[in-house]
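Subject: Structure handover

Hello,

Here is the structure for you to look over. My notes come after it.

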Amino acid sequence: MHIVKNIQVFVSNIHIRYEDTLSNEDGPFSVGITLENLSAESVDDNWQPVVVDSKQSLVNKLVRLDNLALYLNSHDKIGELPTPADWVNIAKAGIAKGEFGGNVPESYSYVIEPLTLETKAILDTNTVPNLSIPKVFVEIIMKELGLVLSRHQFKDIMRLADNFDRMQTNSQFRKYKPFVCVAGNGRAWWNYAIRAVLEEDVKRQSRNWSWQHIVNHRMNCHKYLLLYKEKLSHKSVSDKVQKEIDHYEEILDVLNITIWRKQAEIETKKEGTNYILNQQRKKDEGGWFSGFFGKKKSKDSKAVTGLTKEEEAAEEQKLYAAIGYSESEAPVKLPAEYVAYKLKFAQKRISVKLRDDTIEPACCVSSVSLEELFVELGYRPGAQAVSVLTKLGNFTVLGCPVENQSAPEVVRSVAGETDIAEYVNASFETNPLDGKCDQRIKLTVQPLEVIYHANTIENLMNFFTLPEDVHLSEISAAAYSQIDGLRNQSRTNLSYAIETRTVL
């Protein structure tokens, strides 16, 4: 446990970069993630680095994340691939450094501006918890998070997604593709197009629904089932049987192989011929003379494990001491009001901006600002209860300015007559202490003023218009599948809530 208390992690100068010269015909772009520093170490009560004593029960941990950023440079100047030595210097020069990213590289367009956060954790390592403090307390403080997306960056992202979508679509036809250039090899490429459609669409549909194919597929599955049952019924099979199994695994797809393997396992278990299961049962039950030779088995345990019983007991005690476990201590019944785990998250400001850089001068289409965000999570194991508290100080949305005018406030919070100072104050709790309900939700929101601004709406629609050459069929299908799955899951959750009839 002494090693765990004093474990330290230091990571610095991370730069991961992806360059693309094919997705966007207008110009190449580059995407990268940079990190100046990540550190995690043990500290004292003043949050200064220290070596923790092995007998100390309260352990303080400090985690710092400095200048984590994500950039996307449109129309980037991507030349020849640099040498390894030059790339190290270029990569280091591209990392944002200084307090709150004060020293950022030139010509870098950040989607996530350099952010810094600090995490403080207090861990109670006692087996019997101190009921006056949480067993685990974590506090995360982040001053500012800035997200910026320009029109050119949005186009690059969509074209990159479309490029991956095309590669996914082309994956099933790649085996027919000729390894020659298009110019001067028209016949080969026309044959590729005809064969791809003929084999993967026309012939495939007619072949799959033919009676002969159905019969052959059923026979292959049946033979594979019998062979795999034979494999499960013996410790090993002959080379001939194994070759036949490999042959049918090449013919069948992964789905059918998985289904018939599972069916073989079920049938061998019912028939009592599963070799592994029978060996396990013999090992658990023992023989007729197991009672006479039980002591001999324990004496010979060293030959199996390499340790005597005394050495095993000593190793167990070392392990228990390392993880803070004791066999003699009974489980502690915690009071219902005791909060064992608590997490606090404080965010000074979050800003999201959309910029249209396709016009001169570039303008801000819209910006969203959230200030004084606070989230607190708590868990009471004595009552199996979870609590969530959320507060938001201010919420503002600015629109697209008209010429020679300032940006209008299209959404803003208005001071109302409520008795709370925050714009939003929401809480959710399960199994409250008063026992009046199973779940409780409280929500208080200040009045919100929304102004329709035609110029902002028009510019937002233009901003998110996809390029004409982008067709995201795979992504659209995946999104529809996710929505359909969410709908079915919501229906299932609602049915379960009605059956259990908890009080909200």
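What follows covers the overall figures, the strands, the cores and the cysteines.

This is a predicted model: local features need pLDDT of at least 70, side-chain atom pairs count only at pLDDT 80 or more, and totals for chains, interfaces and linings use all residues. Residues are numbered from 1 along each chain as its sequence is written, and side-chain values use heavy atoms, with hydrogens and water left out.

Overall figures. The protein has 13 helices and twelve strands. These are DSSP runs, numbered from the N terminus: helices are H or I with at least four residues, strands are E with at least two. Of the 504 residues, 26% count as buried. Buried means under 20% relative accessible area, exposed over 50%, and partly exposed in between, with a 1.4 Å probe and protein chains only. The accessible surface (Shrake-Rupley, 1.4 Å probe) is about 34100 Å², and 58% of that belongs to carbon and sulfur atoms. Take contacts (heavy atoms within 4.5 Å) between residues at least 6 apart in sequence: 68% join residues at least 24 apart.

Strands. Two strands pair if DSSP finds at least two bridges between them. β3 (residues 58-74) and β4 run antiparallel, joined by eleven bridges. Val59 has Leu123 as its bridge partner in β4. β4 and β5 also run antiparallel, with eight bridges. There, Leu123 is partnered by Val136 of β5.

Cores. A nonpolar core is a set of buried Ala, Val, Leu, Ile, Met, Phe, Trp, Tyr and Cys residues joined through side-chain atoms within 4.5 Å. The largest one has 15 residues; Leu115, Leu392 and Phe395 touch the most other members. Two or more residues come from each of β4 (110-124), β5 (136-150), β8 (385-398) and β9 (409-413). β8 gives the largest share, three residues. Domain 1 (1-129) and domain 4 (332-471) each supply at least three; the bounds come from an automatic or database domain assignment. A second, separate core has 13 residues, including Cys221, Leu227, Tyr228 and Val241.

Leu115 deserves a look. Leaving out residues up to four places away in sequence, Leu115 touches Leu65, Asp66, Asn67, Leu68, Met142, Glu144 and Leu145.

Cysteines. How many disulfides does the structure hold? Zero, taking a disulfide as a pair of cysteine sulfur atoms within 2.5 Å. For Cys364, the nearest cysteine sulfur is that of Cys363, 7.5 Å away. Cys364 counts as partly exposed because its relative accessibility is 27%. For Cys400, the nearest cysteine sulfur is that of Cys363, 4.2 Å away. Cys400 is at 3% relative accessibility, so it counts as buried.

Best wishes
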